[in-house]
Amino acid sequence: MKTFNKILFTTLLGIGLLTSFQSYAQTAPNPQASISTPTHLDVGTINSDATTVTVINDAVLFYNPATSGPSITLTASLDDGNGNVFNSYQWYLVLQNGTENIVSGQTTANLSLAQLAPGYHKYRVYGLVNNEGGTVICQSEEYQDLILFVLSPLDITTTVTLNDNPQEYCANNVFDTPTNLSVTNITADYSANTNGYSNPLGSNFEVSYNWYAVLEGGTANPINLETAVNNYNISITDPGTYTFYVEVKYVVKTDDGTRSYITYVGNIKDSTGDPFEITITPVPGAPTISIGNITN
């Protein structure tokens with residue numbers, strides 16, 4: 001059997017990662033500010049001799065708390081594209097400092113991963129060629145890395161600015177400066193990730209907003225305030241007692257399904273930590289007049 005010294009190894013994702021394009025980057029994840037596309041997260045594949053990441057949209061994953069993180073299968077190619085067929089593989093988790101931690105027991109073309117913590121993950125694989133007796137005689141020197149990013153659940157901080165307005169008022173009141181509700185900070189928690197990479201702040205991501213009011217605690221039918229920015233000026237005039245919340249979603253990865261864990265809720269609270277309420281009293285009608293005792 002002919003031996004050889006170098007095999008060019010390429011990897012493919014086995015989950016239908018269809019959308020890719022080229023983006024200049026370093027070999028370590030290099031997130032950009034105002035993250036709105038996978039390009040800004042610098043995720044995808046990169047060859048050992050390259051500084052260009054092929055960005056793969058599906059390398060960005062949602063975190064599901066119910067499963068302690070997402071699952072994904074990586075599939076290595078059967079050959080190097082030059083006619084050299086691999087008999088087995090060696091997979092590694094690569095840390096920020098370049099350390100290769102071997103993924104024990106993983107020698108097949110498929111690497112199944114589960115319970116991935118929020119933040120960056122980089123995986124590397126080498127192709128191995130065996131002799132007829134099954135002994136490894138050659139390992140690829142070149143490799144291709146795959147960089148994944150798991151989106152962290154977002155923690156939403158909100159603020160109420162009363163602008164000297166009361167929280168109980170008549171329906172016909174018009175304030176010069178209305179009470180304002182706003183999202184003042186968005187944070188992400190990567191503490192469960194020990195890979196060492198610098199993960200982006202929650203506030204680095206572009207997000208979408210949707211504000212809601214809840215009348216008299218009727219959470220089954222929230223009132224969609226249709227405000228798509230990070231603040232809302234209260235303009236409700238219908239009588240009742242209202243509480244408020246805002247829904248925030250990532251823009252970098254959208255979802256048309258009904259998965260609740262990709263929507264992050266900020267409940268509006270007052271300075272004491274209780275739900276913030278406003279109460280609008282109906283405008284009373286005119287009193288009627290009747291004649292009482294008469295003295296002529």
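Biologist: Which residue stands opposite Ile46 in β12?

Modeller: In this predicted model, Ile46 faces Asp145 of strand β12. Four bridges join β3 to β12, and the two strands run antiparallel.

Biologist: What makes β3 and β12 a pair of strands?

Modeller: Two strands pair if at least two bridges are found between them. β3 and β12 are joined by four bridges, so they meet the requirement of at least two.

Biologist: How do you know that β3 and β4 pair as well?

Modeller: Strand β3 (residues 44–47) and strand β4 (residues 52–56) share two bridges in the antiparallel sense. The requirement is at least two, so the pairing counts. Within it, Thr45 has Thr54 of β4 as its bridge partner, and a hairpin of four residues connects β3 to β4.

Biologist: Why is the contact between Lys122 and Asp145 called a salt bridge?

Modeller: The term requires a side-chain nitrogen of Lys or Arg within 4 Å of a carboxyl oxygen of Asp or Glu. For Lys122 and Asp145 the closest N and O atoms are 3.9 Å apart, so the pair falls within the 4 Å cut-off.

Biologist: Are Lys122 and Asp145 buried or exposed?

Modeller: Lys122 has a relative accessibility of 6% and counts as buried. Asp145, at 3%, also counts as buried. The cut-off for this word is under 20%.

Biologist: What makes Glu100 and Arg124 a salt bridge?

Modeller: The closest N and O atoms of Glu100 and Arg124 are 2.8 Å apart, and the rule asks for a distance within 4 Å, so the pair qualifies. Glu100 belongs to strand β8 (residues 100–102) and Arg124 to strand β10 (residues 119–130), so parts that are 24 residues apart in sequence are tied together. Glu100 is partly exposed, with a relative accessible area of 31%, whereas Arg124 is buried at 8% relative accessibility. Glu100, Lys122, Arg124 and Asp145 are linked in a network of salt bridges.

Biologist: How many salt bridges are there by this rule?

Modeller: The count comes to four. One of them joins Asp255 to Arg259, whose closest N and O atoms are 2.3 Å apart.

Biologist: Why are Asp255 and Arg259 called partly exposed?

Modeller: Asp255 has a relative accessibility of 22%, and Arg259 has one of 34%. Buried means under 20% and exposed means over 50%, so values in between are called partly exposed.

Biologist: Why is Leu95 called buried?

Modeller: Leu95 is placed in the loop between β7 (88–94) and β8. Its relative accessibility is 18%, and the limit for buried is under 20%, so the word applies. Val214, in strand β16 (residues 207–215), is likewise buried, with a relative accessible area of 5%.

Biologist: Why do β13 and β18 count as edges of their sheet?

Modeller: Three strands form an open sheet in the order β13-β15-β18, with antiparallel pairing. β13 (154–161) and β18 (231–233) each have a single partner strand, so one side of each is left without a neighbour in the sheet. From one strand to the next, the twist averages 20°. Strand β15 (residues 180–188) is joined to β18 by three bridges, and Leu181 has Tyr232 as its bridge partner in β18.

Biologist: Which kinds of residue line the largest pocket?

Modeller: The lining divides into seven nonpolar, five polar and no charged residues. Among the lining residues are Asn165, Tyr169, Phe175, Pro178 and Thr237. The space in the largest pocket is about 160 Å³.

Key: Residues numbered from 1 in each chain as written. Predicted model: local features only at pLDDT ≥ 70, side-chain atom pairs only at ≥ 80, totals over all residues. Heavy atoms only, no water. 1 Å grid on protein atoms, 1.4 Å probe; cavity = no way out; pocket = protein on both sides within 12 Å on 5 of 7 lines; lining within 4 Å. Points joined across faces, edges and corners; volume = space filled by probe spheres on them. Nonpolar A, V, L, I, M, F, W, Y, C, P; charged D, E, K, R; others polar. Axes fitted to C-alpha atoms, helices over the stretch in contact; angles between N-to-C directions. Buried < 20%, exposed > 50% of the residue type's maximum accessible area, 1.4 Å probe, protein only.
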